[in-house]
Amino acid sequence: MNFQPLKYIYKTTDNPDAYTLLLLHGTGGDETDLIPLAQNFGDGYNILSLRGNVSEHGMPRFFKRLGMGIFDEEDLHFRTDEMIEFIKELSEKEKFNANKIIAIGYSNGANIAGSAIIKYPGIFSGAILYRPMPPFKTINENGSKSSTKVFLSSGQTDPTVSLAVITEYLEKLKSMVSEVEYHVIPAGHHLTQQDVTLSAQWLSENFH
Ligand code: MLT
């Protein structure tokens with residue numbers, strides 16, 4: 001497989017037992033986008049922030065799409081494998097524990113995180129998915145539950161994601177991971193302070 005490395009920022013706590021927050025930006029973002037958000041979660045976590053390897057008219061993304069909300073699922077499979085391989089290799093270089101990763105993704109970043117949760121059961125200890133969409137049209141449950149805990153928040157008036165589609169996605173996730181906490185925020189596709197406050201509380205309760 002001709003995997004390419006991803007651009008990244010890594011900030012260590014120098015604590016070998018620390019969890020690592022894996023920051024995954026939205027369309028048009030980069031590895032700097034979610035660093036300020038992560039500062040809401042305290043300084044007890046390593047930070048690994050990636051830039052997606054796909055460019056859509058110059059806008060970084062983690063995988064290709066064929067139209068708004070229509071994902072190139074072949075590319076999503078490839079980019080998910082590429083990202084997981086990169087993270088595993090990087091954990092050796094940067095000396096973080098690859099078994100203690102909490103993914104934090106917004107929109108496109110939330111969707112590659114969702115893909116990794118489905119394709120690599122247990123790859124993440126936890127995941128915070130802001131404005132997620134189901135990564136695949138068909139999600140086959142594998143019958144076993146991983147220990148992953150997932151927080152998701154959707155926007156009540158988000159024009160890019162229908163809440164009905166999310167409900168179905170939630171049901172699938174609940175059969176695949178140990179815990180799911182879900183919130184509908186009075187907002188559109190943009191993130192709000194309420195998303196940050198609720199997810200910070202969830203993180204502190206589950207991974208402090
Ligand atoms: C986006 O614009 O990023 C979509 O809402 C989500 C995606 O394409 O993954």
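Some ground rules. Residues are numbered from 1 along each chain as its sequence is written, and side-chain values use heavy atoms, with hydrogens and water left out. Because the model is predicted, local features need pLDDT of at least 70 and side-chain atom pairs count only at pLDDT 80 or more, while totals for chains, interfaces and linings use all residues.

I'll take the cavity to begin with. On a 1 Å grid over the protein atoms alone, a cavity is a set of points where a 1.4 Å probe fits but cannot get out, and lining residues have an atom within 4 Å of a point. Grid points are joined across faces, edges and corners, and a volume is the space filled by probe spheres set on the points. The structure holds one cavity of 30 Å³ or more. The largest cavity has a volume of about 40 Å³. Which residues line the largest cavity? They are Leu6, Gly52, Asn53, Phe62, Arg79, Glu82, Met83 and Ile112. By class, four are nonpolar, two polar and two charged. Nonpolar here means Ala, Val, Leu, Ile, Met, Phe, Trp, Tyr, Cys and Pro; charged means Asp, Glu, Lys and Arg; the others, Gly among them, are polar. Helix α2, residues 73–94, gives the most to this lining, with three residues. Helices (H or I, at least four residues) and strands (E, at least two) are DSSP runs, numbered from the N terminus.

Ile112 is among the buried ones, as are Asn108 and Ile118.

Now the pockets. A pocket is an open set of points with protein on both sides within 12 Å along at least five of seven lines. Of its 18 lining residues, Pro134, Pro135, Phe136, Lys137 and Val165 are the closest to its centre. Helix α4 (163–174) gives the most to the lining, with four residues. The lining divides into ten nonpolar, four polar and four charged residues.

The second largest pocket has a volume of about 190 Å³. Of its 14 lining residues, the closest to the centre are Thr27, Arg61, Arg65, Ser107 and His189. This lining has four nonpolar, eight polar and two charged residues.

Methods: Buried means under 20% relative accessible area, exposed over 50%, partly exposed in between (1.4 Å probe, protein chains only).
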